[in-house]
Each structure stands twice: as structure tokens, then as C-alpha cells.
Amino acid sequence: MTFPERFSDLPEYAFPRLRKLLSASRPGSEVINMTIGEPRHAMPGFVAEVLAENIDGFAKYPPNEGTPELRGAICDWVSRRYGVALDPETQVMALNGTREGLFGAAIALCAEEKRGQKPAILVPNPFYQVYAVAALTAGADPVFVPATAETGFLPDYAALAPDLLDRVAIAYICSPSNPQGAVADRAYWTRLLELAEKHDFRIFADECYSEIYRSAPPVGALQVARETGADPERVVIFHSLSKRSNLPGLRSGFVAGGPACLARIRQLRAYAGAPLPLPLQRVAEQAWADEAHVAASLAIYQQKFQLADEIFGGVPEYAGPEGGFFLWLPVADGEAAAIRAFEATGVRVLPGAYLGRETLGGNPGAGYVRVAMVAEMDELRRGLTRLRDCLYE
């Protein structure tokens with residue numbers, strides 16, 4: 001019996017890999033888990049009530065693309081947030097978790113050939129791991145492009161060779177980025193749109209952390225595309241309620257873009273996707289329509305940014321995130337630092353190499369650990385202080 005070779009060199013997923021790394025270690029104090037990006041701020045207060053009111057919806061098959069009310073709420077939010085008008089009938093679709101969309105859209109939109117060659121999909125390195133698997137599943141070459149301190153923790157796709165760019169079908173970009181917390185500004189999006197136009201590829205903008213930021217709301221890819229007059233089929237955006245509304249278990253997000261792109265994504269998902277249960281879609285409708293709970297959560301995250309700056313401000317090469325809720329802390333060796341932190345302090349962090357890939361220049365995550373700032377403030381303070389004292393003093 002044979003198996004597909006295209007997945008044969010995938011490393012083990014980050015969290016099982018971490019469990020193996022720490023399996024022989026014992027925590028030096030109470031365990032504080034700072035590995036997974038699972039928001040722990042309060043859910044919106046209306047969740048239970050909306051679920052109860054719509055509990056009978058579990059007895060019905062839900063609409064695959066999202067209820068009209070949900071698609072309308074999403075379009076209203078995009079208009080408020082980015083000033084972009086979307087058609088709820090043709091330009092948006094609900095997702096059962098944004099990871100599903102980031103995966104499925106590549107399969108739906110990546111052509112089998114690009115200018116007579118095997119297509120390539122650009123992936124920032126380090127990155128959210130679904131990007132690479134999506135590229136392999138779509139039959140493309142994943143090209144891992146370093147996103148380091150030297151490039152502002154965003155990939156410099158324009159520095160790639162023109163012949164490679166000519167066979168690019170899709171470029172993934174995450175802003176605010178996971179794991180570094182870098183934010184793409186208008187100039188970055190404009191340059192990337194110009195590059196995509198020149199070499200004829202699409203931009204997949206993963207904006208799941210867009211509502212967690214230090215000072216100003218990050219600009220969006222569709223927003224800049226509208227401002228610059230770019231082809232609306234050039235950009236596909238992905239958003240989630242997991243981070244914005246502290247609802248990771250709701251598994252609710254959306255994909256939006258040009259009508260031609262969305263028609264193909266919808267068609268594939270009708271065969272292969274799992275629609276969000278109707279009661280959960282009703283919760284999502286309310287969540288996209290409400291900003292009060294988002295503002296309350298953002299205020300807490302901004303306090304966490306300040307706390308991290310206070311604790312790590314004296315650490316050489318420390319760069320506080322501009323968005324998202326991860327710290328990307330420089331260390332000599334990420335795996336050794338993770339073991340040391342757990343054994344000395346009980347704090348679990350993720351080696352940065354587990355989020356990156358080895359290239360000719362090495363693994364750009366090897367000299368970092370990722371720290372999720374999702375805990376309550378007192379626990380976060382204890383965990384960050386222990387890390388500083390363990391890793392830097």
C-alpha cells in the first residue's frame with residue numbers, strides 16, 4: 001500500500017512536538033501555559049442567550065455559505081471597519097473556522113500551471129502552519145520567505161527572483177503577523193499589490209488578529225486595494241471571531257473577495273466543507289454587529305502590551321508587538337530555552353523553530369520562543385516575570 005509523497009517531509013505539528021520535547025522534564029513551579037493562542041478574556045455576554053433562543057436550529061441543516069443575516073452582518077462590519085462595500089450575495093462566505101478557509105481557498109484558486117510551469121505559493125517564514133499544507137495540497141511549491149527583524153518581521157516578496165515571481169499563484173500574508181506581531185502598513189500593502197499585478201498572482205490576507213493592536217487599527221488589504229484601484233479579484237481576506245470576540249470554540253470566521261474568487265471557493269466548499277451549525281451562526285451574527293465587547297477586550301490587550309514592555313524593555317533585541325497577542329522573544333536556542341523555562345519556572349513556551357522551516361539561510365524561528373499573552377493579568381505578570389528572570393538574568 002502506498003501513501004502520498006507530497007506530505008512525507010511535514011514536521012510533526014508544533015504542540016505534539018512540544019509535548020515530546022518536555023516529556024522528560026518536570027515543572028519547577030506552578031505550570032503556566034503560554035503556548036497556545038487561545039483567548040481567555042470574557043466571551044460576549046449575549047452568547048448563552050442567543051444560543052438558547054436558537055437551540056432548535058441544531059435540528060436543521062445550516063446554509064453552507066452562511067445565513068443572509070450573517071453575511072449581511074459581516075458586510076456591515078467590513079464597511080464600518082475598512083470603508084469597503086461588499087455584496088453579501090457574491091463576495092463573502094461564512095467559514096467553520098478560518099483555518100478551513102485558508103486551506104480550501106488555495107485548492108479552489110491555485111491553477112494547475114502558471115505560465116507552463118508548476119505554480120508556487122509564497123509563505124512567510126515563520127508562519128501559521130496551514131499555509132504550507134494548503135500549498136502542497138494544491139499541487140504547488142511552497143516557497144518559504146524569511147520574515148525577520150531585518151525585513152520588519154514581514155516577508156520581502158519583492159526581493160525574490162523575477163522568474164520565481166512569474167510562477168507564483170498565491171502569496172500568503174498575515175497582518176498582524178503570527179508569531180511576531182508585525183503590522184503591514186499602507187505602503188507595504190501597496191507594494192505587494194503592485195507586485196501581484198506585475199506578476200499576476202493573488203494575495204491571501206490572513207487578518208485574524210486585526211482587532212488586537214497597540215495603538216491604531218491596522219489597515220486592511222481590501223481597504224488598500226479599494227484605495228489604489230486594484231483589481232478586486234486580486235485580494236482574498238480571512239477574518240475570525242476567535243481572537244476578535246474571544247470565541248475560539250465557536251469556529252466562526254469568513255472569507256471575502258472578488259465575486260469570481262468567491263464563486264469558486266463556494267463551489268468547492270459545497271462539496272467538501274462543513275457549514276457552521278445554525279445556532280452558532282446566530283451567535284456570529286450578533287458578534288459581528290457588536291463592538292462593545294471588542295473594545296473591552298482590546299483595552300486589556302493594550303494593558304498587556306504595556307506590561308510586556310515594562311518587563312522585557314531592557315532585553316537586547318526585544319521588540320514589542322504592534323498587534324496580535326504573541327511575544328516573539330529572542331533567545332540563543334528556542335528548544336533549549338523552552339526546556340529551561342519549564343524546568344526552572346513551570347512556564348511553557350513554544351520554540352520558534354516549530355513555526356518555521358529550514359531554508360538555505362537556516363530556520364528564522366530557531367533563535368526565538370513564542371509566548372501567548374492570553375492569561376489573566378496577574379497570571380501573565382507572574383509568567384512573564386519568571387521568563388525574564390530565567391532567560392535573561
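Trainee: How many residues of strand 12 are buried?

Mentor: Five of its five, so to speak: strand 12 is mostly covered. Buried means under 20% relative accessible area, with exposed over 50% and partly exposed in between (1.4 Å probe, protein chains only). Strands (E, at least two residues) and helices (H or I, at least four) are DSSP runs, numbered from the N terminus. This is a predicted model, where local features need pLDDT of at least 70, side-chain atom pairs count only at pLDDT 80 or more, and totals for chains, interfaces and linings use all residues. Residues are numbered from 1 along each chain as its sequence is written, and side-chain values use heavy atoms, leaving out hydrogens and water.

Trainee: Which way do the residues of strand 12 point?

Mentor: Tyr368, Arg370 and Ala372 point one way, Val369 and Val371 the other way, and all are buried.

Trainee: Which strands pair with strand 12?

Mentor: Two strands pair if DSSP finds at least two bridges between them. Strand 9 (residues 326-330) runs antiparallel to strand 12, joined by five bridges; Phe326 has Ala372 as its bridge partner. Strand 11 also pairs with strand 12 in the antiparallel sense, over two bridges, and there Pro351 partners Val369.

Trainee: Where do the buried residues of helix 13 lie, seen down its axis?

Mentor: An α-helix has 3.6 residues a turn, so residues three or four places apart point the same way. In helix 13, the buried residues are Gly334, Ala337, Ala338, Ala341, Phe342 and Thr345. They fall within an arc of 125° (taken from the directions from the helix axis to the C-beta atoms), so they line one face of the helix.
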